Amino acid sequence: MTHKEREGTFEIELNAVSKAFVDASGRSLRNAEGKATAPALASVSLAVPKGELLVIVGPSGCGKSTTLRIVAGLEEADSGEVWIAGRAMKHVPPQDRDVAMVFQGYALYPQMTVRENLEFPLKMQKVETKARRKRADEAASMLRLGPLMARLPSELSGGERQRVAMGRAIVRTPRVFLFDEPLSSLDSALRQELRLEIGALVRELGVTSIYVTHDQVEAMTLADRICVMQKGSVLQVASPREMYESPATPFVATFLGTPRMNLLAGVADGSGGLVAGPFRLESPPFARASGKLIVGVRPDDVHLSNAGEAGFERAARFVVAASEPLGAETHLVLRTGGVEEVEMRVRVSGFYTRPLGSVVFVTLDAARVHLFGADASGARLP
Ligand SMILES: Nc1ncnc2c1ncn2[C@@H]1O[C@H](COP(=O)(O)OP(=O)(O)O)[C@@H](O)[C@H]1O
Ligand SMILES: [Mg+2]
C-alpha cells in the first residue's frame, strides 16, 4: 500500500511485530533450566483508528510494555513494521514520532515547580515564553492543577504528581498518547478518580491513545476497544461489551470479570444435550456441538434455588464454602464435595445471610453459557 492510501485509515498500525531480547553478546536469554526463553512479542498485529483509546491488558510479562516501547521507538522490533499516521517508523527516532508517553512513577524534575515542569517540553521545542505560559495554563486547568503551579514535586501527593506527568504529556498536543500503567502506584480511590479523568481528557483532546494496564477494571471502564495479550501474542481485540459477552478463549473469559468466569469440563452428545460438571443442560445452542468441550458460566448467570422451588428438580447440589460480602453484592464459593469436586463462584446481590456449610441448589440458564473447544486453542464455539 502506498503512503497516501494508508493515510486516514489507521493512526497506529503494528504489522507482525516480533521481538526477542538477547544478552550482551547477542545470544537469546535462558531460563533457570537453560532453555531459551520465549520471545517477548510473537507477531503482534494491531490497528488503532484515529481518536481511539485502545487498552492493552494482560498479565505481567505478556509483552504490553514492549509493544508500547516499540511504538514509541524506545525499543526496536526484530521484524515487522510500525506505522504512525501512515508513515513507516523504521529509523524514525522517538523524538520525531510525535508521541508522548506517560508511565508509572513518571519522573518530574524535582528542582522545578509544577509550572516549570509543564513548560519544559515546550521549552525544548523552543516555543516562545508567552505561548508556553498559555499552553501550560490550559493543561493545568484541564487537570485542575491551577492552585499547584508554584509547588515543587516534593510538595505534591502521588495523584497530583501523576496529573502533572499527564499535563507534561498533553502540553505538546502530540499525535499519539502512550500510557504504561500510569496509575498502578496509586491507591484505589485515587485510581478510580484519575481513571475517569484520563478517559475524559483523552476523549476531549481526541488524541489516539494506547493505554497499557494489568487491571481488567481499568480496561473495561476506559477502553473504546480492549486488546488482551498473553505470552507475547494478541488473543482478542474487541469492544469491552463484546469482549465480556463473547470472549474468544477461556483465558480472555476468565481474565475479564470479577469474580472470574467458572469453567466446567463438559461433554455434548451432538443432539442438543450437554453435561457440564454436575449440570445437565438441554437447549438448541448445543444442537451441533458434540464431544468434549469447556463450558463457561459467569458468576452472574448462576441461579440459587431452595428445595421445592421451580426448576429445583434439575438443580445440582452444592455447599456454601466461602462468602465475601462487598455491600451491594456478595461473592460466594460453592463446592459439590466428593472426589470429582466442582467449585463455582457466584454473585448474589446484597448480603447473603445463610451460614457457611448450608446446602444450596444451583441451576444454569443454558442460553447464557459460553462454549470453548477442549483442545489447546480453546477457541470459542459458535
Ligand atoms: N530489557 C529487557 N531485557 C530482557 N528481557 C526483557 C526486557 N524487557 C522485557 N523483557 C521480557 O520480555 C517479556 C515482556 O515484558 P514486558 O513487555 O515488560 O511485559 P509487561 O509489560 O506485559 O509486563 C518478559 O518476559 C520480560 O521479562
Ligand atoms: Mg509493563
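Guide: In this predicted model, the protein chain is divided into domain 1, which covers 3–14 + 46–247, and domain 2, which covers 262–373. The centres of domain 1 and domain 2, taken over C-alpha atoms, are separated by 41 Å.

Turning to the strands, an open sheet is formed by 5 strands in the order β15-β19-β16-β17-β18, with antiparallel pairing. Its edge strands are β15 (302–305) and β18 (343–349), each of which pairs on one side only, and from one strand to the next the twist averages 45°. Within this sheet, strand β17 (residues 329–335) runs antiparallel to β18 and is joined to it by 7 bridges; Val-333, for instance, stands opposite Arg-345 in β18. As background, strands of a sheet pair through backbone hydrogen bonds, either parallel or antiparallel.

Another set of pairings involves strand β4 (residues 79–84), which pairs with strand β1 (residues 12–19) in the antiparallel sense over 5 bridges, and here Glu-13 has Trp-83 in β4 as its bridge partner. Strand β4 is also joined by 2 bridges to strand β5 (residues 87–88), again running antiparallel, and the bridge partner of Trp-83 in β5 is Ala-88. Finally, β4 and β5 form a hairpin with 2 residues between them, and in its turn Ala-85 has a positive phi of about 50°.

Terms used
Residues numbered from 1 in each chain as written. Chains lettered and ligands numbered in written order. Predicted model: local features only at pLDDT ≥ 70, side-chain atom pairs only at ≥ 80, totals over all residues. Domains from an automatic or database assignment. Pairing = 2+ DSSP bridges. Helix = DSSP H or I, 4+ residues; strand = E, 2+ residues; numbered from the N terminus. Axes fitted to C-alpha atoms, helices over the stretch in contact; angles between N-to-C directions.
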